[in-house]
Amino acid sequence: MRKILVAMAVLSASWGCVAETVGDVSTTFKLLSPNDKVVVEVFDDPDVDGVACYLSHAKTGGYKGALGLAEDTSDAAVACRQIGPIGFKGKIAKQEEVFNARTSFLFKHVRVVRMVDSKRNTLVYLVYSDKLIDGSPKNSITAVPVLASQQIPLK
């Protein structure tokens with residue numbers, strides 16, 4: 001049993017990077033339990049130095065939310081920006097998930113996927129929500145151009 005738990009922890013750690021919370025705002029007042037919120041988080045692209053992504057997403061409050069049993073809505077937005085010189089830690093995939101966060105007890109996640117537009121030398125980031133049975137078409141996209149003199153190294 002212990003080996004299974006360790007394996008699950010290692011796998012979940014490799015699914016994406018950890019985000020830092022920048023702040024949140026309440027959207028619904030609840031008298032005796034946590035409010036519904038919109039949370040803003042930031043994470044650095046794990047394979048590209050100089051790029052940070054800001055992610056906003058809904059967080060359900062109430063008693064279920066406090067216990068981690070609520071299912072958050074599929075509303076999310078992403079804005080990635082160059083925050084320093086862009087550098088690549090190695091070759092990157094043409095399309096790769098760079099962030100993953102659970103938004104329900106078991107089966108729903110918000111995901112950020114990095115895509116490379118080679119023709120325009122641009123990194124494109126897409127945020128969407130998925131669910132084991134059915135996902136949501138709600139999504140948001142942002143792009144970070146890379147200088148023409150710096151080629152994006154693809155796998």
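The chat below goes through a sheet, a surface patch and one isoleucine in a predicted model.

Student: What should I keep in mind about the model and the numbering?
Tutor: The model is predicted, with local features needing pLDDT of at least 70 and side-chain atom pairs counting only at pLDDT 80 or more, while totals for chains, interfaces and linings use all residues. Residues are numbered from 1 along each chain as its sequence is written, and side-chain values use heavy atoms, with hydrogens and water left out.

Student: OK, what is the order of the strands in the open sheet of four?
Tutor: The order is 1-2-3-4, with antiparallel pairing; strands are DSSP runs of E with at least two residues, numbered from the N terminus, and two of them pair if DSSP finds at least two bridges between them.

Student: Which strands stand at the edges?
Tutor: Strand 1 and strand 4 (76-88) do, and each has a single partner strand, so one side of each is left without a neighbour in the sheet. From one strand to the next, the twist averages 15 degrees, taking axes as lines fitted to C-alpha atoms and angles from 0 to 180 degrees between N-to-C directions.

Student: How many bridges hold strand 1 and strand 2 in their pairing?
Tutor: Seven bridges, in the antiparallel sense, between strand 1 (residues 20-28) and strand 2 (residues 36-44), with threonine 28 opposite aspartate 36 of strand 2.

Student: And what about strand 2 with strand 3?
Tutor: Those two run antiparallel and are joined by eight bridges, strand 3 covering residues 48-59, and they form a hairpin with three residues between them. Aspartate 44 stands opposite alanine 52 in strand 3, and valine 40 has serine 56 of strand 3 as its bridge partner.

Student: Switching topic, where is leucine 31, and is it buried or exposed?
Tutor: Leucine 31 lies in the loop between strand 1 and strand 2, and its relative accessibility of 69% makes it count as exposed, since exposed means over 50% relative accessible area, buried under 20% and partly exposed in between, with a 1.4 Å probe and protein chains only.

Student: Which residues form the nonpolar patch on the surface?
Tutor: Phe29, Leu31 and Leu32 form it, with about 430 Å² of accessible area together.

Student: Last one, what does isoleucine 141 touch?
Tutor: Leaving aside residues up to four places away in sequence, isoleucine 141 touches Val78, Val124 and Tyr125, where contact means heavy atoms within 4.5 Å. Isoleucine 141 is in strand 8 (residues 139-145), and it counts as exposed at 56% relative accessibility.

Notes
Patches are made of residues with over 30% relative accessible area and no salt bridge: like charges are joined within 9 Å, nonpolar side chains (Val, Leu, Ile, Met, Phe, Trp, Tyr) within 5 Å. Accessible areas come from the Shrake-Rupley method with a 1.4 Å probe; for residues, only the protein chains shown count as cover. A salt bridge is a side-chain nitrogen of Lys or Arg within 4 Å of a carboxyl oxygen of Asp or Glu.
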